[in-house]
Amino acid sequence: MSDAIKHECGIAMVRLLKPLQYYKDKYGTAFYGLNKMYLLMEKQHNRGQDGAGLASIKFDVNPGIRYISRIRSNKAHPIQDIFSQIDERLNDFTTRFPDKKDDVQWQVNNLPYIGNLFLGHVRYGTFGKNSIESVHPFLRQSNWMHKSLIVAGNFNMTNSLRLFNDLVELGQHPKEMTDTVTVMEKMGHFIDDEVAELYQEIKSEGIGKKEASPLIEQRINIQKILKKSAKNWDGGYAMAGLLGHGDAFVLRDPAGIRPAFYYVDDEVVVVASERPVIQTVFNVAINDVKELERGHALIIKRNGKISIDEIKEQLPKKSCSFERIYFSRGSDADIYTERKNLGKLVFPQILKKINNDIKNTVFSYIPNTAETSFYGMREAAEDFLNLQKTEAILKGQRSLSAEAVTKILAERPRVEKLAVKDAKLRTFIADDSSRDDLVAHVYDVTYGIVKPNDNLVVIDDSIVRGTTLKKSIIKILDRLNPKKIIIVSSAPQIRYPDCYGIDMAKMGDFIAFRAALALLKEVDRYHIVEEVYKSCKQQQDLEDIAVKNAVKEIYNLFTDEQISDKIAEMLKTDDISAEIEVVFQSVENLHKACPNHLGDWYFTGNYPTPGGNRVVNDAFINFYEGKSGRAY
């Protein structure tokens, strides 16, 4: 999308099911798991470039040998940074001990990051924080292996304050109020409880402390721990965890908001946030990669037993449609088809704006991520033009010459790549006027293609704030001297904040919201804003389940087209010569294009969990009171 919007995270997990010697013999290296982790993380770098981390666990090592390794980075290229550091350490050992390159057991005892179980994470820094302490995986360490916990996730909780207070009621003193810390400490609390209960049970069987540890590891009930831990969680999450002795899990939220996919064979269990990543890294077919059921956990015991267990009762499936529109990699077979369909389905609205004049219209896209929806739009234009060709040929019947038929058949939509982003250009100057001038030059345009009488149709994934459109894209497109510029969003109007993992938190940021406010002023109904504020305030002390989204009232007086027209008016500045129009995808067509991913709360305000309604109301309160903070 032309506006820079960040996604929270991506996860990757690898559990090797065979002894490390097996991978050495078959693949030539005991670092097979580590190599696969690098690929899984690098192939998901689109999900986070502000920080990356990796943790590994070794099995069957003696006391005194480090069995957990963890490395994190928040440098400019964090994935490359952590693996460069790992390579440097491993190469140092192989240089010093060349005779040990085939001795797997020696490597296990002496080298870091060689292991049987791996958890990786990539993230974008939200909340203005990108300190190393905020980078996953998080580690809760103990001298008891079964109490050591490593956690990483793609998630956001709407009720972090409640979760924090729950820990305080348990007698804890959490060091932070972040949802990551509260989630990890909640799980840690119930792990401690489970271990204590099991120890008393084993002790009653006459078994001593030393002998109890391996029995605790066998009997510890991950499903039970997760059920207790997640009881009050409200949010979207794909949560991954490792216990020091070797149990592992990935838990998905009950509405399926955040994605998680897995693959299992007799050698390995793999989990990632995106399906094609697993397909590529392990060279497996699409049907071999499964989607983790919402509200369920994939649990891998230390002994290799694998199960899918229900943790929370399922809510209606509302997996994030923004994953399909923009964030997930377009190499997924279904996502590719869905994005093309988004371009096709919005085309009838485009036809109206150009008065069916395909001949004098140039079609293009900005940015590159909109390319797939552009293909769909182009196909729809070709289908429309083919109907016109057929009609012209049938109408002419036998009176048409071969030359005339050839001319008719030669007509095709004018599709061009008109704008190219200059990746080297950085807006480094702080004052607004200088920065705006630089932003206006972020894209280069291709001259000589657009004629003065042409319409110029440019498709984008979505329009969030409209800032880049107004300050850069429309200005550079206007240099091409088209008659009309039509900006097309393959997504509907973004009207409400996300609170489950996408960095869209403030009401005032959304150009659709600002357009609705402007329309309220025009029709002398701006008093509705104060009424919505009062309604939001009145609901602040209610339980989440009783809270209603009061902000919907802001939009109720206006049609989608009225808001779109106002957005177009807001995007046109005095120095723009061309007529500006804006077309948004309808919610109905979004659902047609992505029928299995109906999470649409940012467009409709229909939040899939109770906490979402509280968040949107609090976001409106922040807007009304002039506060810049987030509502979650």
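How many bridges join β2 to β4, and in which sense do the two strands run? I looked this up and found 7 bridges, with β2 and β4 running antiparallel.

I noted that this is a predicted model, where local features need pLDDT of at least 70, side-chain atom pairs count only at pLDDT 80 or more, and totals for chains, interfaces and linings use all residues. Residues are numbered from 1 along each chain as its sequence is written, and side-chain values use heavy atoms, with hydrogens and water left out.

I wrote down the terms. Strands (E, at least two residues) and helices (H or I, at least four) are DSSP runs, numbered from the N terminus. Two strands pair if DSSP finds at least two bridges between them.

Next, the sheet. I found 7 strands in an open sheet, ordered β3-β2-β4-β1-β10-β9-β11, with antiparallel pairing. β3 (68–73) and β11 (290–291) are at the edges with a single partner strand each, so one side of each has no neighbour in the sheet.

I then followed β2. Strand β2 covers residues 51–57 and pairs with β3 in the antiparallel sense over 6 bridges. Ala52 stands opposite Ser73 in β3. Ser56 stands opposite Ser69 in β3 and opposite Phe118 in β4.
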